[in-house]
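Subject: Structure for your review

Hello,

Here is the structure I said I would pass on. Please look it over alongside the notes that follow.

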Amino acid sequence: MKMMMERWKGRVALVTGASVGIGAAVARVLVQHGMKVVGCARNVDKIEKLAAECQSAGYTGTLIPYKCDLCNEDEILSMFSAIKTLHQGVDVCINNAGLAHNEPLLSGSTEGWRNMIDVNVLALAICTREAYQSMKERNVDDGHIININSMGGHRMVPSADEHFYCATKYAVTAMTEGLRQELREAKTHIRATSISPGIVETEFAFRHHNSDPERAAGVYESIKCLKAEDIASAVTYVLSAPAHVQIGDVQMRPVEQVS
């Protein structure tokens, strides 16, 4: 796999939601493989710390922290403009940022629903569009767009707190396949992949159940969960596939996960 990742050395990847969890693990492994990684989040302190760690470890790539609120399209467009100015453009786009709120369909707040749509659906679509345009204008024909989806994008979790979140992830499943079809129609070899993890031990549950930390901890204590590094390994697996191979959807879950 390391040899197959050689072709990405020195090229530019954007990783959204790169401050913690899966995003941080993905940013780290891509820097390890020699890529220039623009890691974005609303708070870049943790990304700056990760960048220093990567440098101290002697990784051949670089991590560039970028402050961006993905709920604000103008900030997303400014980020892509800055990447173009400083690094020519994006060759790999990892749409990782995502969130969940406890907002059931029968009683949830419109504000919570809208925030999930803004981050999980619209920001992903905007970043995808801008990444593709960046590749197209530079005649990049081997780029890759990877959406970090969820098993919740393939089946409904039997919990009212998760239903709207699952709906946004079903949208990611549909958009990834729609993207694949549009890329084929455009006669490009740019590829699109969805990676759908089950339960991953990150800060996600603690943010999701922010008023009930015991419940959040229980999610991770019930079974041996996936680690953020497992998802990062899946990203490198997808990126190292031969040019003629299209990996459409990777579904991953802990061996012990029931649903």
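The lining of the second largest pocket is made up of 8 nonpolar, 6 polar and 7 charged residues. This is a predicted model, and the pocket volume comes out at about 370 Å³. The lining counts 21 residues in total, and those nearest the centre of the pocket are Gly-21, Ala-24, Ala-25, Arg-28 and Glu-229. Three helices, α1 (21–32), α2 (45–56) and α8 (228–239), each contribute at least two lining residues. Of the elements around this pocket, α1 gives the most, with 6 residues.

The structure has 1 cavity of 30 Å³ or more. The largest cavity holds about 50 Å³ of space. Its lining consists of Thr-16, Leu-70, Asn-95, Asn-96, Ala-97, Val-119, Ala-123, Leu-124 and Cys-127. Sorted by class, that lining has 6 nonpolar and 3 polar residues, and no charged ones. Helix α4 (residues 110–137) is the main contributor to the lining of the largest cavity, supplying 4 residues.

On to the charged pairs. The whole structure contains 10 salt bridges. I went through three of them.

Arg-7 pairs with Asp-142, with 3.3 Å between the closest N and O atoms. This pair links distant parts of the chain: Arg-7 sits in the segment before β1 (12–16), and Asp-142 sits in the loop between α4 and β5 (144–148), 135 residues away. Both partners are partly exposed: the relative accessible area is 31% for Arg-7 and 28% for Asp-142.

Arg-11 forms a salt bridge with Asp-91, and here the closest N and O atoms are 3.6 Å apart. Because Arg-11 belongs to the segment before β1 and Asp-91 to the loop between α3 (73–87) and β4 (92–95), the pair ties together parts that are 80 residues apart in sequence. Are these two partners buried or exposed? Arg-11 is buried, with a relative accessible area of 18%. Asp-91 also counts as buried, at 6% relative accessibility.

Glu-137 forms a salt bridge with Lys-84, the closest N and O atoms being 3.4 Å apart. Glu-137 is in helix α4 and Lys-84 is in helix α3, so this pair ties together parts that are 53 residues apart in sequence. Glu-137 is partly exposed, with a relative accessible area of 48%, and Lys-84 is partly exposed at 47%.

Some of the salt bridges share partners, and these join Arg-7, Arg-11, Asp-91, Arg-138 and Asp-142 into one network.

With neighbours within four places in sequence set aside, the residues in contact with Lys-169 are Ile-148, Asn-149, Ser-150, Gly-152 and Gly-153.

Regards

How values were computed. Residues are numbered from 1 along each chain as its sequence is written. This is a predicted model: local features need pLDDT of at least 70, side-chain atom pairs count only at pLDDT 80 or more; totals for chains, interfaces and linings use all residues. Side-chain values use heavy atoms; hydrogens and water are left out. Contact means heavy atoms within 4.5 Å. On a 1 Å grid over the protein atoms alone, a cavity is a set of points where a 1.4 Å probe fits but cannot get out, and a pocket is an open set with protein on both sides within 12 Å along at least five of seven lines; lining residues have an atom within 4 Å of a point. Grid points are joined across faces, edges and corners, and a volume is the space filled by probe spheres set on the points. Ala, Val, Leu, Ile, Met, Phe, Trp, Tyr, Cys and Pro count as nonpolar, Asp, Glu, Lys and Arg as charged, and the others, Gly among them, as polar. A salt bridge is a side-chain nitrogen of Lys or Arg within 4 Å of a carboxyl oxygen of Asp or Glu. Buried means under 20% relative accessible area, exposed over 50%, partly exposed in between (1.4 Å probe, protein chains only).
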